[in-house]
Protein chains: 2
Amino acid sequence: MANRSVTSYDVAKAAGVSQSAVSRAFSPKASIAAKTRKHILNVAREMGYQPNAIARSMSAARNATHQRSGIVGVIVTRLQDPFFSETIALISRRLQAHGWQMLLFTVETEAEVDDALNSLMQFKIDGVMILSAILSDQMAQACKSQGIPVLLYNRDTDGLGVSSVQIENREGGKIAADFLCETSHERIAFIGGERDDATSKAREDGFADRLAEAGQSVFLREYGDYTFEGGVEAGLRLFSRHEKPDAVFCASDVMALGVLHAARHQLGLDAPKDFSLIGFDDIPSASWPGHALTTIRQPVRRMIQDAVELLIDRIEDTELDAVIRHFPGTLILRDTVRL
Amino acid sequence: MANRSVTSYDVAKAAGVSQSAVSRAFSPKASIAAKTRKHILNVAREMGYQPNAIARSMSAARNATHQRSGIVGVIVTRLQDPFFSETIALISRRLQAHGWQMLLFTVETEAEVDDALNSLMQFKIDGVMILSAILSDQMAQACKSQGIPVLLYNRDTDGLGVSSVQIENREGGKIAADFLCETSHERIAFIGGERDDATSKAREDGFADRLAEAGQSVFLREYGDYTFEGGVEAGLRLFSRHEKPDAVFCASDVMALGVLHAARHQLGLDAPKDFSLIGFDDIPSASWPGHALTTIRQPVRRMIQDAVELLIDRIEDTELDAVIRHFPGTLILRDTVRL
DNA sequence: ATCTTGAATGAATGCGCATTCAAAATGCAT
DNA sequence: ATGCATTTTGAATGCGCATTCATTCAAGAT
């Protein structure tokens, strides 16, 4: 049943030319008469022929010219998180715009990244983007020796010699701290993602440092696992204390929304009446009228655009050096903080 | 710079065996002495050798045995929609659990599906899943002739002879209608996705039919483009009328949440006090305390599980017939309807 | 009409692997 | 030991394509 698919030889025979001619007809810059090309393309279309991308990349393997598979690997954690799904959607779009395909690998924990990369590498991907996770020295080395450019998105490179595009997490924490100090808050709490997650920690550190500079300290710290439910729980813990915080800074919007919903519907509190709330990311639902969450926005579009371009540039010119690019977050003032 | 990667020949030489032996060492069921295999695997590991999946699938191309690339294509629209991102996350997991990789293609409109599939097919994917979109007869034919199983998720197959896993959209609409009639609502409005989207239409039709059976009719119809903002706009239009609806059924939760936020914060109305509101999908944020949206739940986990298994079964046994599987939606009663 | 030049073409080759086929090695029973 | 059945091994092959190399062809120059 499953027809073996049409090959360039079949088309060649049908068109009365050689296989080389067929190949050339499908190679834009090849030397072939316009008339011949047109004829071949017609025959090919009728037969439903499509060059086999796999074979194509096999064949290309020996020319230094462009041994590309046309596939970029992307490794992501927490895809169900709105921030990441938005990110992936954008990456996908931009990659496609440049003619690349995306092989997407989801992992549960950072520890799985190495394995994921290993699987991906079997496909001889042209490059790889790793979102909010880091790879081991060893894998970084392996990628380098195979000539596969790596781009870390929202994660420090730790001297791995790979490119990176990231939001300034520490600065973001500082912005939040500055704002809360200036508006005379006194019992300022923090809710992180996971206790030892690098991103969360950087936001926490920047936040705590700036608070210290203002003569304050972090009133309470909780961790909400980067989920809505985690935010709810953390919020509940925070406000169950005798002395309640008058401000909460969350390392992600999803958790901040958890705090907001928990406060309103389980604690009978509200922001900004009873406390101020600041999130991080600026996901779409942060701006919904009922939320109006004040947050630190990541310029996602520009970051993704840069990330994709940086990666592609390195794929196309392997001599290029790794680039690290930082983007500042911006405070988006909405209704969850008292002024 | 870019080291040409290690091949099975390199390993063979280093291990003092033939290339065949190396290949066999990496093929679980091949006939090779345990000792030899172990030795080869050791050498390979030291050299950082990984079989090239591309070449592997090239080579396999001639044996009927298993000409697999190990890649499943997935085509999706509106990836930023929480419902789809959750779906993709689940698909990815399940595919990986079965040892498959996912080549993800995002499209803006259904019209792009054919092109997307064409791109994907160049990679000789083993199968393809298309989410909430349909493909042309022609492409369906092309897939069949190339022996690539297709699975449509949440879309009718229209006699295309491909597999499908879908929620019962008409039934879902009926459930909503039944409930609103039984609770004596009288001015029942509907908000669809796009006016001619098949899914939206099926929900609308089931809804309208059942309303008619109960001697009612759809009070007002609006369309919200499946987005939050669209829901807001549609809600605003609905409630700007002199005679306001006392119930609204939305073809998706995201739109329903738009209506809810608009009502509360721009219209000074609330559900269920001033009107009842029912969504569709049961996305995570529908259950957030501040929303507590009554909705028609899709059993996403089971649907995805079935979808992936159905597709893989057909990949592994091409003789299998296409299967169409329907899942019922369930009314999840929360706080946005008056009883 | 002849020569030169560049373009167009086809035959042959190799990318990295799995598999087939035939040869060699091993195990076992006699 | 000897014979036979198995298992293990290596050489050779082809998957579908792009490319190289040598050849042919067309077109302008003299």
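Reply: Start with a cut-off. A residue counts as buried when its relative accessible area is under 20%. Keep in mind that this is a predicted model.

The part to look at is Leu104(A). Leu104(A) sits in strand S2 of chain A. Its relative accessibility is 1%, so Leu104(A) counts as buried.

What lies around Leu104(A)? Set aside the neighbours within four places in sequence. From chain A, the contacts of Leu104(A) are Val74(A), Val76(A), Leu79(A) and Ile88(A). From chain B, they are Ile88(B), Ser92(B), Gln96(B), Met102(B) and Leu104(B). Residues of both chains therefore touch Leu104(A), given that contact means heavy atoms within 4.5 Å. Note that Leu104(B) is on the list, the residue with that number in the other chain. Gly73(A) is 31 residues away along the chain, yet its C-alpha is separated from that of Leu104(A) by 6.0 Å.

Now take one partner from the other chain. Ser92(B) belongs to helix H5 of chain B, which covers residues 82-97. Ser92(B) is buried too, because its relative accessibility is 1%. Beyond its neighbours within four places in sequence, Ser92(B) is in contact with Leu104(A), Thr106(A) and Met102(B).

How do the two chains relate? Chain A superposes on chain B by a rotation of 180 degrees, with 0.0 Å of shift along the axis and an RMSD of 0.1 Å. This is the relation of a two-fold axis. Which C-alpha of chain A is nearest the axis? That of Leu103(A), 2.3 Å from it. Both copies use the same surface: 98% of the contact residues of chain A recur in chain B.

In H6 of chain B (residues 113-121), the buried residues are Val113(B), Asp114(B), Ala116(B), Leu117(B), Leu120(B) and Met121(B). Viewed down the axis of H6(B), these buried residues fall within an arc of 160 degrees, so they line one face of the helix. Their cover includes strand S2 (101-107) of chain A. From chain B, the cover includes strands S1 (71-77), S2 (101-107) and S3 (127-131), together with helix H7 (137-145).

Helix H4 of chain B gives a second case. H4(B) runs over residues 53-60, and Ala53(B), Ile54(B), Ser57(B) and Ala60(B) are buried in it. Seen down the axis of H4(B), the buried residues keep within an arc of 130 degrees, so they too line one face of the helix. Helix H4 (53-60) of chain A is included in what covers them. The N-terminal end of H4(B) is capped by Asn52(B). A side-chain oxygen of Asn52(B) lies 2.7 Å from the backbone nitrogen of Ile54(B).

Now step back to chain A as a whole. Chain A has 12 helices and 12 strands. Its radius of gyration is 26 Å, well over the 20 Å that the globule rule gives for 339 residues, so chain A is more spread out than a compact globule. Along the principal axes, its C-alpha atoms fill a box of roughly 85 × 40 × 35 Å. Of its 339 residues, 55% count as buried. Among contacts in chain A with a separation of 6 or more, 68% join residues 24 or more positions apart. The accessible surface is about 14,400 Å², with 47% belonging to carbon and sulfur atoms.

Leu260(A) lies in helix H11 (residues 253-267). At 0% relative accessibility, Leu260(A) counts as buried. Apart from residues up to four places away, Leu260(A) touches Asp270(A), Ala271(A), Leu277(A), His291(A) and Thr336(A). Gly235(A) is 25 residues from Leu260(A) in sequence and 8.1 Å from it in space, C-alpha to C-alpha.

Ser8(A) is in helix H1, residues 8-15. Its relative accessibility is 12%, so Ser8(A) is also buried. The side chains of Ser8(A) and Gln19(A) make a polar contact at 3.5 Å. Beyond four places in sequence, Ser8(A) is in contact with Gln19(A), Val22(A) and Tyr49(A).

Terms used
Residues numbered from 1 in each chain as written. Chains lettered and ligands numbered in written order. Predicted model: local features only at pLDDT ≥ 70, side-chain atom pairs only at ≥ 80, totals over all residues. Heavy atoms only, no water. Least-squares fit on C-alpha atoms with pLDDT ≥ 70 in both. Helix = DSSP H or I, 4+ residues; strand = E, 2+ residues; numbered from the N terminus. Buried < 20%, exposed > 50% of the residue type's maximum accessible area, 1.4 Å probe, protein only. Arc of directions from axis to C-beta. Polar contact = N/O pair within 3.5 Å; in protein donor to acceptor, adjacent residues only side chain to side chain. Rg over C-alpha atoms; globule rule 2.2 N^0.38 Å. Areas by Shrake-Rupley, 256 points an atom, 1.4 Å probe, with all protein chains shown as cover.
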